[in-house]
Amino acid sequence: MDDLFPPFAPDVNDRPRRFRPVPFRLIAPNMITLLALCLGLTAIRLAFEGRFEPAVIAVIVAAGLDGIDGRVARLLKGTSRFGAELDSLADFVNFGCAPALILYSFTLHNLKSVGWIVALVFAIAMCLRLARFNAMLDDPNRPEWKKDFFVGMPAPAGAITGMLPLYLHFLGLDFSAWGRPVILVYVLVIALLVVSTVPTFSGKTWGKRVPRDLVVPIFLVVVVGFGLVISFPFEAMAAVSVAYLAGLPFGAAQYRKRLKQEAIVPVAPAQNSPSAPKV
């Protein structure tokens with residue numbers, strides 16, 4: 001019986017493992033991602049408490065932080081595989097689970113099981129979209145120009161546009177019994193756009209170089225936009241959602257145009273084979 005549980009004798013030659021300190025530039029982007037995740041989880045709690053306005057604002061701020069963390073990581077040269085996986089998990093909570101539960105608590109629960117099924121479809125669509133996005137990052141054959149486009153509606157845009165009925169409700173539109181089926185169909189359409197192959201603008205390559213004469217107008221536009229969002233948050237979000245949905249066909253058309261340009265390859269003129277020497 002003593003052989004079954006031999007005594008543990010540590011090797012005297014084993015040295016304690018030393019962990020190298022992690023640079024702060026690798027930690028900073030992940031901290032932003034975690035803050036966004038905290039906002040998404042808080043939005044779920046606020047939805048359960050019936051406080052829909054702060055819940056929606058929390059998701060919107062989380063979307064803003066999601067657009068910052070990746071750029072901060074690239075700026076600080078702090079990108080890592082851990083950060084990419086953490087960002088995907090946070091996006092699923094912030095833009096899949098949180099909006100789905102907010103919409104279900106807001107009005108979809110009145111439709112019983114059908115409303116819950118649509119909420120599930122919305123959340124699962126976000127999960128599938130994020131999984132496909134991660135898989136496409138490892139594709140070495142993807143042309144460089146395709147980085148200007150997403151395949152399907154991105155997760156933050158899907159969450160923000162999916163909550164359009166809430167913006168309209170905050171502006172005074174009353175969704176009675178007739179409006180609930182409309183909201184159900186609308187949420188289902190957004191979920192299908194998220195998992196579709198419709199190309200949408202990504203804007204990842206924009207802003208690398210800004211003409212000098214456009215610097216001041218850009219500053220003014222940013223200040224005016226910030227003032228509108230602060231003063232009229234739900235009016236601004238409703239306008240942004242409608243404008244984004246209206247611009248989807250133009251993005252798809254631009255993608256097809258670029259695809260046709262890539263397909264047109266100049267063909268070199270065929271050279272005549274040399275004639276055989278005469279005998």
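This briefing covers the fold, confidence, salt bridges, aromatic pairs and one backbone feature of the structure above. The model is predicted, with an average pLDDT of 82 for the protein. Its secondary structure comprises 9 helices and 2 strands. Of the 279 residues, 35% count as buried.

**Fold and surface**

- Read from the N terminus, the elements follow the order α-α-α-α-β-α-α-α-β-α-α.
- Among contacts with a separation of 6 or more, 83% are between residues 24 or more positions apart.
- The protein has an accessible surface of about 18,500 Å², and carbon and sulfur atoms make up 68% of that surface.

**Confidence**

- A pLDDT of at least 70 is reached by 82% of the residues.
- Where pLDDT is low, predicted coordinates should not be read in detail.

**Salt bridges**

- The count of salt bridges is 3.
- Arg81 pairs with Glu85, with the closest N and O atoms 3.2 Å apart.
- Arg81 and Glu85 both lie in helix α3 (residues 81-106); they are 4 residues apart, so about one helical turn separates them.
- Arg81 is exposed because its relative accessible area of 54% is over 50%, while Glu85, at 35%, counts as partly exposed.
- Salt bridges with shared partners also join Arg45, Glu49 and Arg51 into one network.
- Arg45 counts as exposed at 53% relative accessibility, whereas Glu49 at 40% and Arg51 at 43% count as partly exposed.

**Aromatic pairs**

- The structure contains 4 aromatic pairs.
- In one of them, the ring centres of Phe170 and Phe234 are 4.6 Å apart and the planes are at 55°, so the pair is tilted.
- This pair links distant parts of the chain: Phe170 belongs to helix α6 (residues 164-170) and Phe234 to helix α9 (residues 233-263), 64 residues apart.
- Phe170 and Phe234 are both buried.

**Backbone**

- Most residues other than glycine have a negative phi.
- Lys112 is not a glycine, yet its phi is positive, at about 60°.
- Lys112 is located in helix α4 (residues 112-137).
- With 63% relative accessibility, Lys112 counts as exposed.

Key: Residues numbered from 1 in each chain as written. Predicted model: local features only at pLDDT ≥ 70, side-chain atom pairs only at ≥ 80, totals over all residues. Heavy atoms only, no water. Buried < 20%, exposed > 50% of the residue type's maximum accessible area, 1.4 Å probe, protein only. Phe/Tyr/Trp six-rings, centres within 6.5 Å; stacked < 30°, edge-to-face > 60°. pLDDT = per-residue confidence, 0-100. Contact = heavy atoms within 4.5 Å. Areas by Shrake-Rupley, 256 points an atom, 1.4 Å probe, with all protein chains shown as cover. Salt bridge = Lys/Arg side-chain N within 4 Å of Asp/Glu carboxyl O.
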